[in-house]
Amino acid sequence: MQASLIVDGKHELGECAIWCDRTQSIFWTDIHASRLWNHNPANGATHSWPMPERLSVFALTGQTDRLLIGLASRLAFFNLDSGEITTIRTVEDDLPTTRLNDGRCDRQGRFVFGTLNEDAGRDPIASFYRLNADLSLERLALPGIAISNSICFSLDGKLMYHCDSMAGKIMVCDYDTDSGAVSHQRVFADLAQQPGGPDGSTVDAEGYLWNAQWGGARVVRFAPDGSIDRIVEVPTAQPSCVAFGGATFDTLFVTTAHEGMSAEQRAQDKLAGGLFSVPHLDVRGLPEVRFAG
């Protein structure tokens with residue numbers, strides 16, 4: 001099974017694939033280009049919006065024309081029609097080397113996200129946070145990390161998957177659906193013997209986790225016990241995020257990147273930075289949870 005190119009975006013760091021079931025279109029970001037992208041597979045239309053700083057992550061809201069966005073330094077609302085950005089609050093402004101990175105709404109519609117340390121030493125000073133429906137922000141009681149990724153939730157919302165990409169392991173912890181408290185962090189899947197490191201993840205309608213493996217040219221479906229169920233080959237080295245979409249949620253979308261590649265590597269890996277898809281799967285995803293605030 002292999003993914004096929006649908007948008008040859010050549011993005012340096014394509015990320016955060018999110019399917020909107022209302023508009024039947026896929027959103028994603030090219031982080032370093034500070035640009036939000038959207039593609040409608042039915043008519044082939046592709047559109048993009050410039051951002052005032054790097055756009056790392058975002059979530060759908062109850063309004064089709066508004067997204068919750070995580071820029072490098074802050075959380076904000078973005079109006080797709082007017083282009084207006086309304087800042088909610090800054091994040092880690094006391095840490096000059098960190099920026100927002102991965103995120104996803106929990107089953108209650110609270111936005112859980114993490115940060116990333118851009119310093120060359122990659123000290124684990126970044127953290128995981130939750131933006132609640134009342135727009136209050138709290139840090140989750142999880143160990144410090146260097147690069148947050150793989151945030152997603154089990155079908156009942158009682159498990160939170162996450163990782164520090166530098167550690168090469170997808171973790172899981174118990175997640176209290178009422179209070180949002182986290183506990184009992186443990187290893188879900190160790191990628192030490194696999195060709196890539198863990199990046200963005202999503203959970204399908206059967207409770208299996210799909211993970212984009214950066215550097216591994218593939219997406220892996222993990223069973224609830226952490227064993228490998230299947231592998232989707234991606235014809236470029238650095239898959240970064242996955243999302244289910246399409247009218248019946250049987251299409252897998254995959255963002256990719258050419259970040260860090262030399263000129264020679266890019267000449268060899270001509271599809272790097274494109275948006276890919278795998279249609280007509282025999283499993284389905286779920287509608288993306290919208291931010292409840």
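1. A salt bridge is taken here as a side-chain nitrogen of Lys or Arg within 4 Å of a carboxyl oxygen of Asp or Glu. The model is a predicted one, in which local features need pLDDT of at least 70 and side-chain atom pairs count only at pLDDT 80 or more, while totals for chains, interfaces and linings use all residues. Residues are numbered from 1 along each chain as its sequence is written, and side-chain values use heavy atoms, with hydrogens and water left out.

2. On the salt bridges as a whole, the structure holds 14 of them. Side chains of opposite charge can pair when their charged atoms come close.

3. Glu-118 and Arg-99 are joined through their side chains in a salt bridge, with an N to O distance of 3.3 Å. Because Glu-118 lies in the loop between strand E11 (111-117) and strand E12 (128-131), whereas Arg-99 belongs to strand E10 (residues 98-105), the pair ties together parts that are 19 residues apart in sequence; strands (E, at least two residues) are DSSP runs, numbered from the N terminus. Arg-99 is buried, at 4% relative accessibility, and Glu-118 is partly exposed, at 34%, where buried means under 20% relative accessible area, exposed over 50%, and partly exposed in between (1.4 Å probe, protein chains only).

4. A salt bridge also links Glu-138 with Arg-130, and here the closest N and O atoms are 3.2 Å apart. Arg-130 is buried, with a relative accessible area of 1%, while Glu-138 is partly exposed at 30%. Elsewhere, salt bridges that share partners connect Asp-204, Glu-206, Arg-221, Asp-229, Arg-230 and Asp-282 in one network.

5. In the salt bridge between Lys-10 and Asp-8, the closest N and O atoms lie 2.6 Å apart. Lys-10 is partly exposed, at 43% relative accessibility, and Asp-8 is likewise partly exposed, with a relative accessible area of 39%.

6. Turning to the strands, an open sheet of four has the order E6-E7-E8-E9 with antiparallel pairing, two strands being paired if DSSP finds at least two bridges between them. Its edge strands are E6 (55-60) and E9 (85-90), each of which pairs on one side only. From one strand to the next the twist averages 25°, with axes taken as lines fitted to C-alpha atoms and angles running from 0 to 180 degrees between N-to-C directions.

7. Within this sheet, strand E6 and strand E7 (residues 66-71) run antiparallel and are joined by five bridges. Leu-60 stands opposite Leu-67, which is in E7.
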